[in-house]
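Thanks, I'll keep this short. Have a look at the model first, and then I'll start from one side chain.

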Amino acid sequence: MNVGMLWFDNDPKTDITVKINRAVDYYQHKYGQTPNLCLVHPSMVKTSPLKTGRIEVRSSRSVLPNHFWLGLHAI
């Protein structure tokens with residue numbers, strides 16, 4: 001993924017899947033498409049890759065903690 005939307009959510013009480021779903025909803029509303037890839041900092045996931053719904057979640061050290069980089073990945 002070269003282009004995407006960066007989302008920030010540092011609510012410690014909210015589960016990561018809820019945070020990702022919030023970001024996906026916003027992405028869909030703004031861009032009219034559903035992202036299929038979400039990159040997060042390795043400290044945010046216990047296993048990688050992981051799937052939440054149709055979204056593949058991967059860890060990447062280039063993404064800061066509490067940030068979610070969503071976009072489309074060619075399958």
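The side chain of Asp9 makes a polar contact with the side chain of Arg22, at 3.2 Å; a polar contact here is a pair of N or O atoms within 3.5 Å, and within protein one must be able to donate a hydrogen and the other to accept it, with residues adjacent in sequence counting only if both atoms are side-chain atoms. This is a predicted model, with local features needing pLDDT of at least 70 and side-chain atom pairs pLDDT 80 or more, while totals for chains, interfaces and linings use all residues. Residues are numbered from 1 along each chain as its sequence is written, and side-chain values use heavy atoms, without hydrogens and water.

Asp9 sits in the loop between β1 (5–8) and α1; helices (H or I, at least four residues) and strands (E, at least two) are DSSP runs, numbered from the N terminus. The Asp9 side chain also reaches the backbone nitrogen of Asp11, at 3.1 Å. Is Asp9 buried or exposed? Asp9 is buried, at 8% relative accessible area; buried means under 20%, exposed over 50%, partly exposed in between, with a 1.4 Å probe and protein chains only.

Leaving out residues up to four places away in sequence, Asp9 touches Lys19, Arg22, Asn66 and Phe68, a contact being heavy atoms within 4.5 Å.
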